[in-house]
Amino acid sequence: MSQPTIQQIIDGMPSRFDPVAANGLAAVLQFRLTGGGAVDFYAIIGGERCETHRGLHEKPTLTLRMSTSTYIDMVMGKLTGQEAFFKRKLRYEGPISLAVKLHRLFRSPEWNN
C-alpha cells in the first residue's frame, strides 16, 4: 500500500489516539515539521480525546521539531523517536517523560501493514 500523506496522518491522529495509554493525560503536543510538506500543527489531549489543529499553540506542553519525512517514518514504524533523537533528526522542548511515551499514545495507522 502507498505511503500516506502528511495531511492523512494528521487527520487520522484522533482516531489512532489511545485514551487508555494516555491515562488521564492533559497536554498540548506541538509539531514543527520542515522540508517537503512542511507544516506546523498541534494536538490537544485531554478528557480521553485528541483533536488536531493547524498552526502554533501559545503554550504547548511539548514541542517536537523534525522533517516531515522523519515524522512519517516514525508514524509508519520505520524509525523510533529514540533513534531519530540520537541521529539528530528530532529535537524536543518540554518534559522528556512525555516525549518518551508519545509512541504509546497513538496506534499505528492502517497503512502500516
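Helices (H or I, at least four residues) and strands (E, at least two) are DSSP runs, numbered from the N terminus. By that rule, Glu93 lies in strand E5.

Before going on, a word on the source. This is a predicted model, where local features need pLDDT of at least 70 and side-chain atom pairs count only at pLDDT 80 or more, while totals for chains, interfaces and linings use all residues. Residues are numbered from 1 along each chain as its sequence is written, and side-chain values use heavy atoms, with hydrogens and water left out.

I start with the sheet. Two strands count as paired if DSSP finds at least two bridges between them. Here 5 strands form an open sheet in the order E3-E2-E1-E4-E5, with mixed pairing. Strand E3 (49–54) and strand E5 (90–93) are the edge strands, and each pairs on one side only. On average, neighbouring strands of this sheet are turned by 20° against each other, direction ignored. For this and later angles, axes are lines fitted to C-alpha atoms, for helices over the stretch in contact, and angles run from 0 to 180 degrees between N-to-C directions.

At the E3 end, E2 and E3 are antiparallel and joined over 6 bridges. Ile45 has Cys50 in E3 as its bridge partner. The hairpin of these two strands has 2 residues between them, and Gly47 takes a positive phi near 60° there.

At the E5 end, E4 and E5 run antiparallel and are joined by 4 bridges. Arg65 stands opposite Arg91 in E5.

Which residues does Glu93 touch, not counting residues up to four places away in sequence? With contact meaning heavy atoms within 4.5 Å, they are Thr61, Leu62, Thr63 and Arg65. Arg65 is 28 residues from Glu93 along the chain, and their C-alpha atoms are separated by 8.6 Å. The side chains of Glu93 and Arg65 are joined by a polar contact of 3.1 Å. A polar contact is a pair of N or O atoms within 3.5 Å; within protein, one must be able to donate a hydrogen and the other to accept it, and residues adjacent in sequence count only if both atoms are side-chain atoms. Glu93 is partly exposed, at a relative accessible area of 44%. The classes are buried for under 20% relative accessible area, exposed for over 50%, and partly exposed in between (1.4 Å probe, protein chains only).

Next, the helices on the sheet. H5 lies across E1, E2, E4 and E5 and runs at about 65° to E4. In this helix, residues 96–105, Leu98, Leu102 and Leu105 are buried. They sit on the same side of H5 because they cover an arc of only 70° around the axis, the arc being that of the directions from the helix axis to the C-beta atoms. In general, an α-helix has 3.6 residues a turn, so residues three or four places apart point the same way. On the other side of H5, Ile96, His103 and Arg104 are exposed. Among the elements that the buried residues of H5 pack against are helix H1 (6–16), helix H2 (19–22) and strand E4 (62–67).

Helix H3 (residues 68–75) holds Thr70. Is Thr70 buried or exposed? Thr70 is buried, at 7% relative accessible area. The side chain of Thr70 makes a polar contact of 2.9 Å with that of Ser67. Beyond four places in sequence, Thr70 touches Leu79, Ala84 and Lys89.

Now H1, where Arg16 is found. Arg16 counts as buried, at 8% relative accessibility. A polar atom of the Arg16 side chain lies 3.2 Å from the backbone oxygen of Ile9. Leaving aside neighbours within four places in sequence, the contacts of Arg16 include Val75, Leu105 and Pro109. Arg16 and Pro109 are 93 residues apart in sequence, yet 6.9 Å apart in space, C-alpha to C-alpha.

Last, the aromatic rings. Rings of Phe, Tyr and Trp (its six-membered ring) pair if their centres lie within 6.5 Å; planes under 30 degrees apart count as stacked, over 60 as edge-to-face and the rest as tilted. The count by this rule is 6 aromatic pairs. Phe85 and Phe86 form an edge-to-face pair, 5.4 Å centre to centre with 75° between the planes. Phe85 is partly exposed at 36% relative accessibility, and Phe86 is exposed at 60%. Elsewhere, ring pairs link Phe31, Phe41 and Tyr71 into a cluster.
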